[in-house]
Amino acid sequence: MSGAVLILGAGSPMAREAARLLAQRGEALFLAGHDPLELERLAADLRVRWGGRVAVGRFDALDPASHPALFARVLDEFGELDRVLMASGYLGPAPAALEGEEPGRILALNFSGLLPMLGLCAAHFERRGSGVILGIGSVAGDRGRQSNFVYGSAKGGFALWLQGLRNRLHGTGVRVVTFKPGFVDTAMTFGKPGLFLVASPEAAGAALVRALDGGPDIVYFPAFWCVIMALIRAIPERIFKGMKL
Amino acid sequence: MDLGTATARISGWGRHPVVNGRMVRPERYHDLAALPGTLARGLGRSYGDAALSQDGTLCSMLRLNRMLAFDAATGVLVAEAGLSLAEIAAQFLPRGWFLPVTPGTKFVTLGGALAADVHGKNHHLDGCISAHVPWLEVFTPAAGLRRCGPEQDPDLFWATAGGMGLTGIIGTVALRLKPVPGPWLEVVHRPARDLDQILELFADPALDAPYSVAWIDCLAKGARLGRSVLMLGRHIAGEPGAPFPASPRFELPCDLPAFCLGAFNVRLFNSVFYRINARKTQPFRSALDPFFYPLDAVGHWNRAYGRRGFVQYQCVLPEASAREGLRRILEAVSSAGSASFLAVLKKLGDAGRGFLSFPIAGFTLALDMPFRGEATLALLRQLDELVLQGGGRVNLCKDAHLGREAFRAMYPRLDAWLAVKRRVDPEGLLTSSLSRRLGLTEGA
């Protein structure tokens, strides 16, 4: 493909590593996120190292009214867009909050706030008859657990949305990929107790690029999470509801 | 986002001492502004307690490693302090640029290299790394983000270069890279049967080279005391594609038992090493990596010294006292039977302007010793005494045991450094295990 790659939530370590690999092979990139100053530093790094075309813009999941302008800017900047990587996400201090504003915030930043932007991309790709949309879900979205179920339900909802989109776009030439990471060594997990088999963002970035290039509709990263989550999903609810996970 | 905090047992590269500490790891540049009193830590290659803070909080810089600008006309690279020298060299060597100064490992960060004001095999010509830094940005505890350089707030700059991270977190560094004709060196070796001969070789104008270092056999005694091989290198042109591995070729997966580097094995290694390298008296071509970074080929080579770890002792003696001082140091080390392989001797050029920078004109000796408790401490005290008598000093980024009085006597520009420390950190928020041991941040 020749068009640009749009990375939303480009400041995340996984997205950063994916961007590095894409820039290394000469792809044009549009990095969008809530902290454009930080993204300017990332873009500068890619330009110094690989000399490619990198543009930066502000993406705010809490401000859907700004999404059409951002989308127009991306097209304006590169002429054509053919892949989107949605890496925006937010765990926050209370991923299982019952009250207050946090549940709504978690839902918006991991799910509902992402849809207007992805919807614009999906409609564009559907009209063109080609494109790739990759969304980062989470293994936390595969089953509701007391420790993080608000975050998990947002990620699970996002995975369902991607699934429905995949169904709708089937046969149009547009691929929709759901990428479900387990633990990755980022600020989200740094210093948290009880984590195991933590993967590096470098490996995650490489897996993201592979998933963009082709392969299955649903990608667990690292792959063994596919087995772990299959087992966890297989536990009958009457037993699962009493478990401390 | 709130930064997660990890608690861990942390040590320097020598794996001695080991302390309890907390660590944060920011992923955004402006996070650094919210961490006053937090000591920066890079790749953990300082040997002793420079990048440790017992019960304190360290700031891992490894996620702040972006290149921000490169000017091909001047060679100035601007980058975040968590970037490793290995990445810089791997990226720029194919474009015809190399590090202006590099220590004996490429697995150090730019910020760590500046904080220790590292020198390399070209110190006699090119000085320390700070001599190639037009400016840097440092997040000071009380004065906020400051940009400084030899022209702009020079006091802060010369207190930060070599300041062991104690003036603040170095965030961004501008480094003037050096143009090289190709990714190769021409290397030549000269054997020396004893200390007198190696000092003569260093003084011989016919052997002037941009890079020079001597490997010295610290276990050789008597007439062979100071037996060494002088290694000289210069950049040469050649086809591209010289290997420059970005990661170690081989990992030492676990601690070796202590006897592996016992005196017998090291004596054997040293004899073989001497015989092989003393023969290479004809110029030969070498890639940069094996000449500058012989030990980088083995990941975690520090595990070879076993669980108790080791200390590296590096001192410099002024030329006038070097012959006598080095002889007495080598005698003390060889009679203690404290095994050390790959000990190095090098002639240093004039001192730079960093208030706490290590190099002064003379000869520097660096050697590793397995840590064996009180016996090692006694030897270190004896060596410190010999260095003091000779008017020399020890290198803080290797050190773990120097006492306060000896430190003050060795670093006469301490008062100038303390004046800057008082300005940017009047409450003394930013400390390290090293600064508390040396009294560096008391009375600041």
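Biologist: Hi! Where does B:Val19 sit in chain B?
Modeller: B:Val19 belongs to strand 2 (residues 18-24) of chain B; strands are DSSP runs of E, at least two residues, and helices runs of H or I, at least four, numbered from the N terminus. This is a predicted model, where local features need pLDDT of at least 70, side-chain atom pairs count only at pLDDT 80 or more, and totals for chains, interfaces and linings use all residues. Residues are numbered from 1 along each chain as its sequence is written, while chains are lettered from A and ligands numbered from 1 in the order in which they are written.

Biologist: Thanks! Why is B:Val19 partly exposed?
Modeller: Because 16 other C-beta atoms lie within 10 Å of B:Val19; 20 or more would be buried and 12 or fewer exposed, with partly exposed in between and C-beta atoms placed from the backbone.

Biologist: And which residues does B:Val19 touch?
Modeller: Leaving out residues up to four places away in sequence, B:Val19 touches B:Ile10, B:Leu52, B:Gln54 and B:Ser433. Contact means C-beta atoms, placed from the backbone, within 7 Å.

Biologist: Switching topic: how many residues does each chain bring to the contact?
Modeller: Chain A brings 14 residues and chain B 17 residues. On the chain A side, helix 2 (residues 36-50) gives the most, with seven residues.

Biologist: Nice. What scores does the model get?
Modeller: The model has ipTM 0.93 and pTM 0.95. Chain B averages a pLDDT of 94, and 98% of the residues score at least 70; pLDDT is the predictor's confidence in each residue, from 0 to 100.

Definitions and conventions: Contact = placed C-beta atoms within 7 Å.
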